[in-house]
Amino acid sequence: MIDKIYINGNKKTKDYIIKRELPFKEGDSVALNQLVAQFRLGKQQLVNTRLFNDVVISLRSFRGYLVDVEIDVKERWYVFPIPYLKPIDRNLQTWADKGYSLDRINNGAKLNYYNTTGRNDVLKVWLITGYSRQVQVSYNQPFMDGSLKSGYGINFNYSAMKEVNPRTVNNKQFFLRADSLPKAGRFLEETMTGSIQWNYRPGLKTRHVIRAGFGMSKIDSAVWNVNNNYISKSGKTQVVYPEISYTMNFLDVDYAPYPLRGFMAETQLIRRGFGSDVGMWLLNVKATKAWEIGAKGSFSTQLTSTVRLPFKQPFSQHRLMGYGDFYLRGMEKYVIDGVLGGMTRNTLRREILNFSVPLPIRSQSHDRVPFRIYAKTYADLGYSYSKYFRENSLNNKLLTTAGFGIDIVSLYDVVLRFEYSFNQLGQNGFFFHVRNDF
């Protein structure tokens, strides 16, 4: 029987938030041969909160049939008021195609305040200017009641762009730039969204989110002249629409930013607008399964799919492959339009180095920087269907890529990917990706 649970190292995080992630509680009876598995699951859950640099769960004492459990955590830094410098392009490869122009850099400040009240809540305030302009304010509180099952969130976002991608030409984005037009300082596209959400988490691994809000998009006449169906099926230059969505997330992996074992999935259903002009159903499904191979190896397969109904949508709703994380490794330089598509990424990796670099500063939570380095090989497969926008020779056909590379995983969920890829067009090259949550 679990008698007492002792927690050490949590200066900010509430004790009950840590206990919420455990598969056991004080007073529970656990078979002795299952205790190690329970400790392993508890550590996995706490690591995936992204609140701690390190977690150790151990037996503190044994008294007959009673055991005390000790949990030692090293908290992360939670406040990140950092300057913001980032190219506006989709990835580093497309920025390179523009000659690494500094004119294409956005700058400003981002305040990310994680674990704001010690309950794993997040406050974000972004003020960005430069080539485009963005203001974002959001707050997410996962636990607002005593049962620690329900929470809420609010979000507001405004953006204004001086460069717009109103069409695709030769499998690449065609850009209309404000500085090439009369009245060069004007914005070509403005968007604004706002929403409130209800979070529900009945157990450890599954989360549900229901969100309701609105959206507004407005384009300049210069964009309309290039594509009068850019934001509207009927040729409007401004649309306002309601939006409601449901998201289900399941997480059971050892480390969500870079899973080596386990399964995680997310399903999202969105209704955007209710008229014939901007009305759309959107379904997104993403799942990852990873298997350990021996002590240092792992194989993972990731499946991602999207469908938008009806198929006739404005051009802005035809952006599919090449945007965000929806891309095939080796096709980073291209975009592939579509309203229905899917892809699979398959990766075989092996850890080749695992070490830590000590820091000169004295800190109980940041005394070292860990590095894990993996060698990998991979093969990807994808398809994108488009019925109405056919200025892209890569949609409506099966696409394949493959390659090999090195991944570096470090502190604060930073993942660096160095990849050399080949695609079915007979092209090959080096690609670099960096992922973090700052």
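The paragraphs below go through these topics in turn.

This is a predicted model, in which local features need pLDDT of at least 70 and side-chain atom pairs count only at pLDDT 80 or more, while totals for chains, interfaces and linings use all residues. Residues are numbered from 1 along each chain as its sequence is written, and side-chain values use heavy atoms, with hydrogens and water left out.

Rolling a probe the size of a water molecule over the atoms shows where empty space is left. The search runs on a 1 Å grid over the protein atoms alone: a cavity is a set of points where a 1.4 Å probe fits but cannot get out, a pocket is an open set with protein on both sides within 12 Å along at least five of seven lines, and lining residues have an atom within 4 Å of a point. Grid points are joined across faces, edges and corners, and a volume is the space filled by probe spheres set on the points.

By this search the structure has one cavity of 30 Å³ or more. The largest cavity holds about 40 Å³ of space. Its lining consists of Glu-21, Gln-45, Asn-48, Thr-49, Arg-201, Leu-204, Arg-207 and Leu-251. Sorted by class (Ala, Val, Leu, Ile, Met, Phe, Trp, Tyr, Cys and Pro count as nonpolar, Asp, Glu, Lys and Arg as charged, and the others, Gly among them, as polar), the lining of the largest cavity has two nonpolar, three polar and three charged residues.

The second largest pocket contains about 930 Å³ of space. Its lining comprises 37 residues, and Lys-43, Val-47, Asn-53, Tyr-255 and Arg-372 are those nearest its centre. Of the lining of this pocket, 13 residues are nonpolar, ten polar and 14 charged. Secondary structure elements are DSSP runs numbered from the N terminus, with helices (H or I) of at least four residues and strands (E) of at least two. At least two lining residues of the second largest pocket come from each of helix H2 (35–47), strand E2 (52–63), strand E16 (297–309), strand E17 (340–358) and strand E18 (368–385). E18 has the largest share of that lining, with five residues.

Accessible areas come from the Shrake-Rupley method with a 1.4 Å probe, and for residues only the protein chains shown count as cover. A nonpolar patch of about 960 Å² is formed by Met-144, Tyr-152, Ile-154, Ile-196, Trp-198, Tyr-200, Ile-210, Ile-244, Tyr-246 and Phe-274. Strand E8 (150–161), strand E11 (189–200) and strand E13 (238–253) are the elements that give two or more residues to this patch, and E11 gives the most, three residues. Ile-210 belongs to strand E12 (residues 206–219). Residues are called buried under 20% relative accessible area, exposed over 50%, and partly exposed in between (1.4 Å probe, protein chains only). Ile-210 counts as partly exposed because its relative accessibility is 40%.

Side chains of opposite charge can pair when their charged atoms come close. A salt bridge is taken as a side-chain nitrogen of Lys or Arg within 4 Å of a carboxyl oxygen of Asp or Glu, and the whole structure has 24 of them.

Arg-368 and Asp-54 form a salt bridge at 3.9 Å, N to O. This pair joins distant parts of the chain, with Arg-368 in strand E18 and Asp-54 in strand E2, 314 residues apart. Arg-368 is partly exposed at 33% relative accessible area, and Asp-54 is partly exposed at 23%.

Which side chain meets Lys-376 in a salt bridge? It is that of Glu-419, at 2.7 Å, N to O. The pair links distant parts of the chain, Lys-376 in strand E18 and Glu-419 in strand E20 (residues 415–423), 43 residues apart. Lys-376 counts as buried because its relative accessibility is 5%, and Glu-419 counts as buried at 1%. A network of salt bridges links Lys-376, Asp-407, Arg-417 and Glu-419.

Methods. Patch = residues over 30% accessible without salt bridge, like charges linked within 9 Å, V, L, I, M, F, W, Y side chains within 5 Å.
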